[in-house]
Amino acid sequence: MELRELLGLAALYFGIAFSVIGVIGMMRLPDVYTRLHASGKVSTLGLWGILLGAALLLDGVFPRALALAVFLVLVQPIASHAIAAAARRSGVPMAHSFRDDMPPIDNLSSEAEQP
Amino acid sequence: MGRVAYIVSMSVLLSIVWMGATARVNLEGFFVGFVVSVLVVSLIGTRKSATVQLTRLPRQVFSLIGYVLHSFIEITRSSFDVARRVLDPKLPMQPGIIAVPTQDEDLDETIAALSAHAITITPGQLAVEFDGAKIMYIHCLDIASAQTADQEQAARLKMLRTILGKA
């Protein structure tokens, strides 16, 4: 087996392992906000691993995999933020809250004042 | 550096993305991408979120590369940190929402957005809500690890201002 093939398989299994950890996190963590940590970040690294594996194992996929990896890291936090903001605005409570600095949405100055 | 320089620099960046997306990394692919990018950028117009100046350009590019490397390390670290917490039988965490000021005097929305993006990909932190461009409300998986959030934000702000050509 070539070194390239071996590295590709290693990256692939690394990615799959991280994706599985992301799913375990989704099931174990108690509420929306904490689950977003597991689904979002862990799956970023998981998908990177799978993309790297594809780039190493298949020919001519590297530029496309790179573009996808960059796109993923630009877009993933936006998705997480959108879900978290939507949950907060519709009043989803935190399961365990050790600290909450955030005032109720109505008291934020942003929405009313900005043009 | 006026409108033309802005269009050209944006088009070069977009052409690189184009080459990646179409998987044709050669001169032909670059030129096709460049033509398409010039059209797109001229149509969208020049919303000034970054200032491009020839004398500062090397510094901006170096900071951008440094920022990307820094982000990559942070993403890897954050993923391993979250994975460790998730797999621990005791599920060690102290979740909470903290307020972090953006510390930017101009209240620039681009900087606020990029800061929130960077925060959302760093260890166990997730931007939930904004108060204008002034304060970010961040959900942390462990509020103890968030005590350095203000210092990190100060360092991040400095890097972002250099990249966008504001300092």
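Domain bounds here come from an automatic or database domain assignment. By that assignment, chain B is divided into domain 1 (3–44) and domain 2 (57–163). The model is predicted: local features need pLDDT of at least 70, side-chain atom pairs count only at pLDDT 80 or more, and totals for chains, interfaces and linings use all residues. Residues are numbered from 1 along each chain as its sequence is written, while chains are lettered from A and ligands numbered from 1 in the order in which they are written.

**Stop 1: chain B as a whole**

Colour the two domains of chain B. Their C-alpha centres lie 30 Å apart. Next, switch to a cartoon view. Chain B has five helices and three strands. Helices (H or I, at least four residues) and strands (E, at least two) are DSSP runs, numbered from the N terminus. Along the sequence, the pattern in chain B reads α-α-α-β-α-β-β-α.

Of the 167 residues in chain B, 32% are buried. Buried means 20 or more other C-beta atoms within 10 Å of the residue's own; exposed means 12 or fewer; partly exposed is in between, with C-beta atoms placed from the backbone. Now consider contacts (C-beta atoms, placed from the backbone, within 7 Å). Among those in chain B between residues at least 6 apart in sequence, 65% join residues at least 24 apart.

**Stop 2: the sheet of chain B**

Select the three strands of chain B. They form an open sheet in the order E1-E3-E2, with antiparallel pairing. Strands E1 (96–101) and E2 (125–131) of chain B are at the edges; each has a single partner strand, so one side of each lacks a neighbour in the sheet. Neighbouring strands of this sheet are turned by 30° against each other on average, direction ignored.

Zoom in on E2(B) and E3(B) (residues 135–140). This antiparallel pair has six bridges; two strands pair if DSSP finds at least two bridges between them. Pick B:Asp131. Its bridge partner in E3(B) is B:Ile135.

H4(B) lies across E2 and E3 of chain B and runs at about 155° to E2(B). Axes are lines fitted to C-alpha atoms, for helices over the stretch in contact, and angles run from 0 to 180 degrees between N-to-C directions.

**Stop 3: where chain B touches chain A**

Show both chains. The contact takes 38 residues from chain B and 38 residues from chain A. On the chain B side, helix H1 (3–22), helix H3 (57–87), E1, H4, E2 and E3 each supply at least two residues. H3(B) gives the largest share of that side, eight residues. By class, the side of chain B that touches chain A has 25 nonpolar, 11 polar and two charged residues. Ala, Val, Leu, Ile, Met, Phe, Trp, Tyr, Cys and Pro count as nonpolar, Asp, Glu, Lys and Arg as charged, and the others, Gly among them, as polar.

**Stop 4**

Show side chains. A:Pro77, A:Ser80 and A:His81 of H3(A) make the contact with B:Ala116, B:His117 and B:Thr120 of H4(B).

**Stop 5: A:Val32**

Finally, select A:Val32 in helix H2 (residues 32–57) of chain A. A:Val32 counts as partly exposed, with 17 C-beta neighbours inside 10 Å. Not counting residues up to four places away in sequence, A:Val32 touches A:Ala87 and A:Val92.

Terms used. Two residues are in contact if their C-beta atoms, placed from the backbone, lie within 7 Å.
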